[in-house]
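Dear colleague,

Please find below the structure that I am handing over to you. My notes on what was found in it follow directly after.

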Amino acid sequence: MAEEVELNPKQKKEIAKWFLLNSPAGEIQYVAKDLRLVLNDNEVYDEAVSESFPIYNKSHMICLQMPAGAGDVLVTSFGELGENEYLDPRTAQVAIVDHVKQVCTEVRPATDEELSSAYVEEFRSALDVEILKYAGEAYPKGVCSVYCTKGKEVEGPGFNFELVVVISACRLSPQNFCNGSWRSVWTIEFQDEAQVLEVKGKLQVGAHYFEEGNVQLDAKHECGDSTLFQSPDDSAISISNILRHHETEYLASLEDLRRKLPVTRTLFPWHNTSQFSLTREITKELGIGK
Amino acid sequence: MEAAMGLMRRMPPKHSETALSALLSLLPDHSSDLLSQVDQPLQVLFDEESGKEFILCEYNRDADSYRSPWSNKYHPPLEDALYPPAELRKLEIEANEVFAIYRDQYYEGGISSVYMWEDDNEGFVACFLIKKDGSKTAQGRRRHLEEGAWDAIHVIEVAPEEEGIARYCLTSTVMLSLTTDHESSGTFSLSGSIRRQMNMDLSVSEGHLCNMGKMIEEMEGKLRNSLDQVYFGKTKEMVCTLRPPSEVIMRLPDSTGL
């Protein structure tokens with residue numbers, strides 16, 4: 001059912017964006033290269049690329065190095081201050097990034113308005129310390145960050161605020177023809193009146209094997225928990241224990257899903273024709289096997 | 001074309017139909033190449049005369065009709081269509097019967113078909129296909145929905161070598177799809193395709209069917225093992241390298257006192 005009509009630029013762009021956005025973790029540059037050849041239309045290609053890369057980068061929460069050893073910054077919607085500006089709360093810096101090249105071009109200090117209030121910052125930084133410890137053990141290739149997504153101006157008790165923990169890890173091994181990624185996003189609502197923390201997690205694992213073909217794994221999981229609203233340090237420990245518990249449990253459950261392929265039994269007796277005739281007769285008799 | 005195949009190797013397999021039609025619309029001049037090189041899920045038709053389903057592929061197609069291996073008739077009917085010669089048809093019939101039993105033993109269900117035709121060099125080509133569709137185990141249990149599909153295409157070129165020996169070149173393609181949907185908490189999807197080749201020179205004393213069958217069985221076993229060890233194993237390795245299991249981590253006692 002191939003269409004005889006030539007596609008218009010808008011249609012070509014939508015198709016191009018589809019390919020880019022569906023690239024596996026860490027592979028968008030390779031996809032872009034192939035796409036450029038297939039598309040054979042640089043104007044459409046450039047537009048598609050400039051529109052897709054920011055979306056891809058944020059959804060995959062890519063990690064970029066800030067210049068002059070200033071550390072790493074995660075590109076996420078939670079830290080987005082402007083089209084190309086991303087906050088790194090840990091170092092109170094704002095990274096300016098080039099989405100298409102996937103690099104951080106410069107860094108500037110964050111303004112007070114861009115950062116959380118001192119009160120919220122106590123909770124945020126205590127949690128950041130715990131998550132750094134956890135992620136450091138659990139994800140050797142992982143990068144993490146804690147953002148304040150609601151109530152960053154809250155000055156003291158009496159109001160709610162919300163923190164988000166992001167852990168992003170990517171293992172690229174193109175020479176072994178396989179790439180893998182982990183993303184977890186935990187939203188923690190600090191409910192002042194109920195004195196409770198509502199924790200919601202979204203975990204996503206991905207893998208791509210392309211040695212003899214193309215096999216991809218895509219698994220998502222959502223979970224929730226809650227704990228008491230305590231001091232910044234105690235809350236941080238509570239939260240990181242919840243994360244650790246749920247993430248470990250999820251990974252264990254993934255491994256359980258291995259045993260679904262057809263079972264290998266004793267080898268089939270191809271040479272034994274008499275066995276066939278017999279089986280055939282039995283099969284007909286019992287009416288098995290359509 | 002190379003770039004197009006590169007894209008197909010990277011797009012999520014569960015969207016391969018969309019990816020293929022996108023490429024077809026971008027590269028209409030390459031449509032026959034694309035269609036022949038990109039693996040697509042197997043489709044079936046029902047042969048009313050024999051009461052059985054049969055699998056469709058390029059090897060039983062003539063114009064827009066497909067030949068059933070059971071009745072040897074084209075659906076929809078076609079005049080002046082191509083048929084395998086009588087001797088080959090006999091082998092084809094036996095292959096279908098035997099392969100159906102093999103398929104049942106390994107897959108406990110599903111559909112199989114075998115098609116044969118002469119090639120130009122005194123030999124012939126046989127195509128063995130299996131379609132095992134998702135085993136949906138959702139009846140009554142709303143919590144888990146599981147689907148597992150396995151489509152296999154084995155094409156064997158058979159050529160006579162010296163006396164009593166034939167060369168068999170097998171190209172196998174397996175497309176698999178495994179998805180689990182935990183209603184409340186998330187989804188798991190592992191899908192894709194692998195292709196591998198195997199060549200063997202074998203004595204024809206036990207017949208072609210025996211040789212071809214053994215090769216296919218060996219190949220399927222190897223692909224299954226690869227999938228299990230390499231792919232599932234690599235997931236574990238990937239996930240573990242991303243994230244070592246907790247047994248390995250020394251954790252301080254929980255100090256929350258909750």
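In chain B, 49% of the contacts with a separation of 6 or more are between residues 24 or more positions apart, where contact means heavy atoms within 4.5 Å. The model is predicted, so local features need pLDDT of at least 70 and side-chain atom pairs count only at pLDDT 80 or more, while totals for chains, interfaces and linings use all residues. Residues are numbered from 1 along each chain as its sequence is written, chains are lettered from A and ligands numbered from 1 in the order in which they are written, and side-chain values use heavy atoms, with hydrogens and water left out.

Chain B has 5 helices and 10 strands; helices (H or I, at least four residues) and strands (E, at least two) are DSSP runs, numbered from the N terminus. Of its 258 residues, 50% count as buried. Buried means under 20% relative accessible area, exposed over 50%, and partly exposed in between, with a 1.4 Å probe and protein chains only.

One open sheet in chain B consists of 3 strands in the order 3-4-5, with antiparallel pairing; two strands pair if DSSP finds at least two bridges between them. Strand 3 (61–62) and strand 5 (74–75) are the edge strands, each pairing on one side only. Strand 4 (residues 65–67) is joined to strand 5 by 2 bridges, and B:Tyr66 has B:His75 in strand 5 as its bridge partner.

Turning to chain A, helix 1 (residues 9–21) has 13 residues and reaches 18 Å from its first C-alpha to its last, close to the 18 Å expected at 1.5 Å a residue; the expected span is 1.5 Å times one less than the number of residues. At the start of this helix, a side-chain oxygen of A:Asn8 comes to within 3.0 Å of the backbone nitrogen of A:Lys10. The buried residues of helix 1 of chain A include A:Ile15, A:Ala16 and A:Phe19. Its buried residues pack against helix 2 (28–39) and helix 3 (42–59) of chain A, together with helix 1 (2–10) and helix 2 (16–26) of chain B.

Helix 2 of chain B also holds B:Ser25, which is partly exposed at a relative accessible area of 22%. Leaving aside neighbours within four places in sequence, B:Ser25 is in contact with A:Leu7 and A:Ile15. The side chain of B:Ser25 reaches the backbone oxygen of B:Ala22 at 2.8 Å.

Two buried residues may also be noted. A:Asp128, in helix 4 (residues 118–138) of chain A, counts as buried because its relative accessibility is 4%. Beyond its neighbours within four places in sequence, A:Asp128 is in contact with A:Arg90, A:Ser145 and A:Val146. B:Gly186 is in strand 10 (residues 186–203) of chain B and is buried, with a relative accessible area of 16%. Not counting residues up to four places away in sequence, B:Gly186 touches A:Lys220, A:His221, B:Thr180 and B:Asp181.

Finally, the largest pocket is lined by 22 residues, of which B:Leu35, B:Val38, B:Gln40, B:Cys57 and B:Glu58 lie nearest its centre. On a 1 Å grid over the protein atoms alone, a pocket is an open set of points where a 1.4 Å probe fits, with protein on both sides within 12 Å along at least five of seven lines, and lining residues have an atom within 4 Å of a point. Strand 9 of chain B gives the most to this lining, with 3 residues.

Definitions and conventions. Polar contact = N/O pair within 3.5 Å; in protein donor to acceptor, adjacent residues only side chain to side chain.
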